[in-house]
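User: Hey, I'm new to this one. Can you walk me through it?

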Amino acid sequence: MSTAPFVEHTAGLLETVRTRRPRVHCLMNGVVPKFVADGLTVIGAVPSMTSSADEIEAFAGRADALLVNLGTLDAGRRNVIALALDVVRPKGTPWIVDPAHCDASPDRSRYAQSLVAQGAFVLRANAAEMAAIGEIDGPVVVETGATDKVRGGANAVSISNGHPWLAEVTGTGCVSGAIIAAFLAVEPDPFKASVAATLTVAIAAEIAAPLVRGPGSFEPAWLDALFNLTPADIVEHSRISYDRT
């Protein structure tokens with residue numbers, strides 16, 4: 001089966017994000033909020049980052065999508081996540097779980113499982129995190145690695161674009177999760193949105209890498225590549241294949 005429709009859809013969806021400028025609220029770990037906000041801004045989305053219990057209802061209520069990232073997790077953050085989900089779930093606002101480092105903590109793995117069970121649209125994780133969570137039903141699954149795999153229902157694709165330096169810069173996965181949320185905000189099919197966002201992130205990395213000398217200069221070059229990415233770039237560089245039909 002041809003993957004050309006996914007490539008064409010990605011090219012169009014990136015332009016839709018830039019035109020519609022969706023609001024993405026990020027319940028983000030404390031390590032990389034600025035990087036994540038910059039990543040959303042350069043693709044045309046509007047980020048908000050507060051984790052204040054007093055403000056979360058207002059911010060989540062006006063968001064077009066929500067990212068729940070577990071990178072730095074404590075009791076206060078769990079409370080804010082619960083408050084945010086109480087706002088977005090009744091509205092049908094799309095939301096994504098990024099269970100960062102759950103492979104290091106059984107408690108975090110169990111918590112991630114409980115979040116997914118509450119109706120997450122997408123689960124994004126690397127192979128180790130996915131193994132810690134185990135088999136799940138419901139959301140689209142984005143498993144990142146040397147080859148990114150996106151699974152949803154009977155559909156599954158592999159994306160071979162990207163660059164190893166994505167794994168050498170702290171927070172690129174967090175940015176990727178936020179960009180998936182932005183695409184979810186403008187595409188009602190979570191599988192299509194996840195494929196498009198993951199392909200966008202990977203192609204931008206591939207374009208940025210030859211222009212720099214290492215991970216330190218890769219971070220801003222990747223943001224520049226996301227900002228300057230064109231539909232023609234997506235069509236030219238995409239390497240995507242079906243895993244099954």
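User: Which residues in H8 meet which in H9?
Analyst: Thr200, Val201, Ala204, Ala205, Ile207 and Ala208 in H8 meet Phe218, Ala221, Trp222, Ala225 and Leu226 in H9, where contact means heavy atoms within 4.5 Å. Helices here are DSSP runs (H or I, at least four residues; strands are E, at least two), numbered from the N terminus. By the way, this is a predicted model, where local features need pLDDT of at least 70 and side-chain atom pairs count only at pLDDT 80 or more, while totals for chains, interfaces and linings use all residues. Residues are numbered from 1 along each chain as its sequence is written, and side-chain values use heavy atoms, with hydrogens and water left out.

User: At what angle do H8 and H9 pack?
Analyst: About 120°, with their axes 8 Å apart. Axes are lines fitted to C-alpha atoms, for helices over the stretch in contact, and angles run from 0 to 180 degrees between N-to-C directions.

User: So what does that make H8 relative to H9?
Analyst: That angle makes H8 oblique to H9. Under 35 degrees is roughly parallel, over 145 roughly antiparallel, 65 to 115 roughly perpendicular, and the rest oblique.

User: New topic: what volume does the largest pocket have?
Analyst: About 790 Å³, taken as the space filled by probe spheres set on the points, with grid points joined across faces, edges and corners. A pocket is an open set of points on a 1 Å grid over the protein atoms alone, where a 1.4 Å probe fits, with protein on both sides within 12 Å along at least five of seven lines; lining residues have an atom within 4 Å of a point.
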